[in-house]
Amino acid sequence: MLTVYGEGRGFRVVWLLEELGLAYRLRPVDLFAVENDRDFLAINPAGFIPALQDGETIMVESIAILQYLLARYGSGSLGVDPDDPAFASYLQFLHLGEAGLAGPMNAVIVGRQFAPEAERNVRVTRWARETFESRLGLVIRRLKDHPYLAADRFTAADISVSYALLLGLRTGNYVPGSVERDYLARTTAHHAYARAMESCQATKAWAARSPGL
Ligand SMILES: N[C@@H](CCC(=O)N[C@@H](CS)C(=O)NCC(=O)O)C(=O)O
């Protein structure tokens, strides 16, 4: 049985598992009390989420977990094969969703919402916001004349980037334009997205009290 530890970016993993129709267990992790969660710290001593346990295999990093699951359990239409011309675009956006969007957005959230006033670093926060914006420009450019980020079909790259855009939206740090709104309406219309939301009750509650599309 696959076990996903933690929501947050674990939502990407749960969404993919729902798309693939694979059985899993979601084990919640309270990041505000993680130092007392010995069972989780045995899985990820670094104490961040998500983590995946698959038998003896334990791993972290949401995008790596997506790649692992697709490679190990069959990607169906959610991956792109290396001999497909869309492979490069697929890999690029799959990783850009975290490295170029959600990662910098973390710095914006900490800089604007979590850090005590005296410890806020305006320059770092601005840099992170500008990084997010410039990478977002690549996403918008692509979506202006394509429905999805790669291969003109929904792939794991869309799970990666959709999550990042929703993170920015729900934390009030990004307002999607019409291109991204139409895109998010398309990706979140998936039944697997709705099932993932039912599975991830903390994410569902967060979405309900946050800005929506
Ligand atoms: N690049 C990592 C980022 C993981 C991450 O930032 N997780 C957040 C919650 S979604 C977290 O655990 N933050 C607390 C921490 O990093 O200690 C991934 O994609 O999994």
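A nonpolar core is a set of buried Ala, Val, Leu, Ile, Met, Phe, Trp, Tyr and Cys residues joined through side-chain atoms within 4.5 Å. Buried here means under 20% relative accessible area, exposed means over 50%, and partly exposed lies in between (1.4 Å probe, protein chains only). This is a predicted model, in which local features need pLDDT of at least 70 and side-chain atom pairs count only at pLDDT 80 or more, while totals for chains, interfaces and linings use all residues. Residues are numbered from 1 along each chain as its sequence is written, and side-chain values use heavy atoms, with hydrogens and water left out.

**The cores**

Let's start inside. The largest nonpolar core has 60 residues, and Leu 69, Leu 101 and Leu 165 touch the most other members. Helix H6 (residues 156–170) gives this core its largest share, 10 residues; helices (H or I, at least four residues) and strands (E, at least two) are DSSP runs, numbered from the N terminus. Domain 1 (2–76) and domain 2 (87–190) each contribute at least three residues to this core, with domain bounds coming from an automatic or database domain assignment. Another core, of seven residues, lies apart from it and includes Val 29 and Ile 43. In soluble globular proteins, nonpolar side chains tend to be buried together.

Contact means heavy atoms within 4.5 Å. Leaving aside neighbours within four places in sequence, Leu 69 is in contact with Leu 2, Val 13, Leu 16, Leu 17, Leu 52 and Gly 74. Now look at Ala 164, which is found in helix H6. Ala 164 counts as buried because its relative accessibility is 0%. Outside the four places on either side in sequence, Ala 164 is in contact with Arg 12, Gly 97, Leu 101, Ala 102 and Phe 132.

**Where the domains meet**

The centres of domain 1 and domain 2, taken over C-alpha atoms, are 21 Å apart. In the contact between them, 12 residues of domain 1 meet 19 residues of domain 2. Together the two domains bury about 1,300 Å², 65% of it on carbon and sulfur atoms; buried area is the accessible area (1.4 Å probe) that two parts lose on being put together, summed over both. Arg 9, Arg 12 and Trp 15 supply 48% of the area that domain 1 buries against domain 2, more than any other three residues.

Two salt bridges are found across this interface. A salt bridge is a side-chain nitrogen of Lys or Arg within 4 Å of a carboxyl oxygen of Asp or Glu.

**Salt bridges in the structure**

The structure holds nine salt bridges, and the table shows some of them.

| Pair | N to O distance |
|---|---|
| Arg 12 and Glu 98 | 2.8 Å |
| Arg 27 and Asp 37 | 2.8 Å |
| Arg 72 and Asp 54 | 3.7 Å |
| Arg 142 and Asp 152 | 3.3 Å |

Take the pair of Arg 72 and Asp 54. Arg 72 lies in helix H3 and Asp 54 in strand S3, so the pair ties together parts that are 18 residues apart in sequence. Arg 72 is exposed, with a relative accessible area of 52%, whereas Asp 54 is buried at 12%. The side chain of Asp 54 also makes a polar contact with the side chain of Tyr 68 (2.7 Å). A polar contact is a pair of N or O atoms within 3.5 Å; within protein, one must be able to donate a hydrogen and the other to accept it, and residues adjacent in sequence count only if both atoms are side-chain atoms.
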